[in-house]
Amino acid sequence: MVKREKIAPSFQVPDDIEIDILSRLSVKSLLRFKCVKKSWRNFIEDPVFIAMHLDYYGKSSVGFLLYGSRPCKYIKQYLNCSSIDVSMSIKILFGESPGYMIGSINGLVCLSNNLYFFLKEDKRLSIYICNPSTREILELPECHHAYNDFVLSIGFGFCPKFNDYKVVVVKLLDSVVNVRDPNCCLFSLGVEVYSWNRNSWRSTKIVNPRSVLTTSFQGKGYFNGAFHWGGRNLKSSKRMIMSFQFDEEVFRELNLPNHPDFQEENYFLNALIIEYQNFFSLIIKQKVNMHVYDLWVMKEYGVSDSWIKQLTIEVPVLEDRLMFRPVMSFENNGELLVLSDWYGRIVWYNTKTKQIERSKEVLRGRSIRYKESLVSLSRKKVV
């Protein structure tokens, strides 16, 4: 008589353990695992799980995105000292337009076909939101505008109060000569705000503003529910940071650190907005020493007197004595300074080991801080 082998009872992994394991995996892996079984697909597409994954895995996948336009338009992700398999061509979106990467929050990236230009019948403003990790791209409805409006700046962020992603477009409208002071022009700013929840734009007009946006910073424009630009007071010419608060949909002014490096006309070309140890921060290349960078931290957001110089970082001069461009990113809580040389090669400088590593490929473009996420662009509940 043949003895039958006993079959061990199957073991079912509890749902909570499965969810915890899945929440720590990469987006690329999770997109494949959606095909394994229906329960996993339901987990992975659930907004609660997406938020959990953003918190667990997102913290370990923080790096930066590089948008380049040569030889073709693309987005490429870098994590620590290497590029990873999250890159996508976006040439089809922009055609001959230069294309701009506006900002990133929760794994979503805002792109526009143009910036700093007059709207014409044959030159319209196209804005997109994409998730490079999932390859989803969404074109926003066209915002309200009149021809000859000048697109001054665009911001992108998240409004925690209403659980809403928003885009703000700032335009320079009509200007007229002030009859009391012929050397001074009166003008208006048009402000268009797109709400993901409403899928529509809301328009406001600011007549004769006291301050105006002057430029976009490199790096992380979004912080604490607001997007940030360089600005200037029109009467005193005082330079400052201008922020747009997404919850109240209003502009606010933040003072820069009281230091000569921030009084230069084009200081913003050498400055980068970052989040350092959860503080709003600026890192700037010194004017007197082009290989030295200062990190300024605002210890209490919005309080001018709370700026302190947290770190001074001196990068060794390379053998070929190439000058560095401004900072592209500041990773691992200040351990990794990301620069580029004048050839366009990315340079990583480890502030602890004092080691320098350079990429072989030449990549020129704008960089922003980024982390992977499963946040979907479909019309479901937003995370």
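1. Of the 383 residues in the chain, 51% are buried (under 20% relative accessible area; exposed is over 50% and partly exposed in between, with a 1.4 Å probe and protein chains only). This is a predicted model, in which local features need pLDDT of at least 70 and side-chain atom pairs count only at pLDDT 80 or more, while totals for chains, interfaces and linings use all residues. Residues are numbered from 1 along each chain as its sequence is written, and side-chain values use heavy atoms, with hydrogens and water left out.

2. Of the contacts (heavy atoms within 4.5 Å) between residues at least 6 apart in sequence, 50% join residues at least 24 apart.

3. The secondary structure consists of five helices and 27 strands. These are DSSP runs numbered from the N terminus, with helices being H or I of at least four residues and strands E of at least two.

4. Isoleucine 105 has leucine 108 in S5 as its bridge partner.

5. There are 15 aromatic pairs in the structure (rings of Phe, Tyr and Trp, the last by its six-membered ring, with centres within 6.5 Å; planes under 30 degrees apart are stacked, over 60 edge-to-face, the rest tilted). Phenylalanine 33 and tryptophan 40 make a tilted pair, 5.9 Å centre to centre with 55° between the planes. Phenylalanine 33 is partly exposed at 25% relative accessible area, whereas tryptophan 40 is buried at 19%.

6. The rings of phenylalanine 280 and tryptophan 307 have centres 6.1 Å apart and planes at 55°, so this pair is tilted. Phenylalanine 280 is in strand S20 (residues 279-285) and tryptophan 307 in strand S22 (residues 307-314), so the pair ties together parts 27 residues apart in sequence. Both phenylalanine 280 and tryptophan 307 are buried.

7. Tyr222, Phe227, Trp229, Phe244, Phe246 and Phe251 are linked into a cluster by ring pairs.

Note on methods. Two strands pair if DSSP finds at least two bridges between them.
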